[in-house]
Amino acid sequence: MSDSLWTDLYHHTITVSWPLFMVWSAALYITVNVVFAGLYDLCDVHIAGARAGHFADLIFFSVQTFSTVGYGTMAPASAGANVLASIEVLGGMMINALTTGAVFARFARPRARLIFSQQAVISAEHGMPALCVRVANCRRSAVLSLDVELTLSRLVMGENGHPVRRFESMSLLQSHIPLLRFAFVLAHVIDEKSPLYELNHDELEREEAEILVTVTGTDEATGQNVLARGSYRFEHVLNGHRFVDIIDVDANGRLAVNYGRFHDIEQDQLWKTPEERVA
């Protein structure tokens with residue numbers, strides 16, 4: 001589907017990058033003032049203090065009118081000039097209000113500074129294989145009342161013979177986290193109830209399977225709801241590995257979190273192959 005700028009202007013204004021937002025704002029500002037300067041020149045209205053034949057003076061008069069500054073050196077001196085200036089003041093007030101609102105909305109939009117591990121791992125959890133993902137809070141303020149949902153997304157053949165995207169919920173050992181100050185490992189046990197139980201790696205790749213992680217919570221500092229998501233294709237899931245511990249104790253006996261090891265993984269010493277577990 002084509003992406004229409006004008007039918008979804010607010011969304012584009014909020015989601016576009018800051019450099020592009022500033023470029024578009026400057027382009028709109030310049031365009032409006034040049035258009036009105038052209039109208040002043042085309043209608044041959046009299047602007048007191050503006051030099052005849054100097055288009056730049058009309059542009060600067062438009063800037064002063066558009067921003068409602070009015071330094072007093074230039075002023076409309078005819079009925080036509082006053083009509084155009086009044087129209088420009090009204091348009092300027094509306095555009096300035098919309099631009100101010102857009103800038104505030106961009107600053108005030110809540111964003112969760114949560115990071116997810118680059119890879120998911122399958123490690124041993126109470127003697128059973130478990131799919132694990134690590135999530136961490138990058139802000140000094142905690143995130144409260146986190147609700148986490150883990151979902152398996154697969155492209156499967158539907159009853160009508162057409163491929164459909166299927167989403168299957170994956171239960172977590174702990175799906176609700178009262179407070180996330182540093183890091184937490186999410187674990188899904190792969191037992192008989194797991195959608196991964198009877199699927200092998202080749203099947204999952206053929207079905208373009210993907211693990212989706214969605215997190216919702218409340219920022220302690222602002223009180224705003226925050227959302228975050230992560231995803232893992234199965235080429236980024238490692239068997240028989242675990243996350244490296246990131247909690248250290250310093251010389252004073254205080255706990256310290258080493259985020260430099262956040263994405264690091266290692267072999268799981270407790271990992272057993274399916275044959276070893278049966279034996």
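Biologist: Is Ser145 buried, partly exposed or exposed?

Modeller: In this predicted model, Ser145 lies in strand β6, residues 143-157. Its relative accessible area is 34%. Buried means under 20% and exposed means over 50%, so Ser145 falls in between and is partly exposed.

Biologist: Is Asp44 buried or exposed?

Modeller: Asp44 is placed in the loop between α2 and β1. Asp44 has a positive phi of about 55 degrees although it is not a glycine. Its relative accessible area is 68%. The cut-off for exposed is over 50%, so Asp44 is exposed.

Biologist: How do helices α2 and α3 lie to each other: parallel, antiparallel, perpendicular or oblique?

Modeller: Helix α2 covers residues 18-42 and helix α3 residues 55-66, and their axes are 8 Å apart. The angle between them is about 120 degrees. Angles of 65 to 115 degrees count as roughly perpendicular and those over 145 as roughly antiparallel, so α2 is oblique to α3.

Biologist: How many residues of the contact of α2 with α3 are nonpolar?

Modeller: Among the residues that meet are Tyr29, Val32 and Phe36 in α2, and Phe55, Leu58 and Phe61 in α3. Four residues of this contact are polar and one is charged. The number of nonpolar residues is twelve.

Biologist: How far apart are the end C-alpha atoms of α3?

Modeller: Helix α3 has twelve residues, at 1.5 Å a residue. The expected span uses one less than the number of residues, so α3 should span 16 Å. The distance between its end C-alpha atoms agrees with this, at 16 Å.

How values were computed. Residues are numbered from 1 along each chain as its sequence is written. This is a predicted model: local features need pLDDT of at least 70, side-chain atom pairs count only at pLDDT 80 or more; totals for chains, interfaces and linings use all residues. Side-chain values use heavy atoms; hydrogens and water are left out. Axes are lines fitted to C-alpha atoms, for helices over the stretch in contact, and angles run from 0 to 180 degrees between N-to-C directions. Helices (H or I, at least four residues) and strands (E, at least two) are DSSP runs, numbered from the N terminus. Angles under 35 degrees count as roughly parallel, over 145 as roughly antiparallel, 65 to 115 as roughly perpendicular and the rest as oblique. Contact means heavy atoms within 4.5 Å. Ala, Val, Leu, Ile, Met, Phe, Trp, Tyr, Cys and Pro count as nonpolar, Asp, Glu, Lys and Arg as charged, and the others, Gly among them, as polar. Buried means under 20% relative accessible area, exposed over 50%, partly exposed in between (1.4 Å probe, protein chains only).
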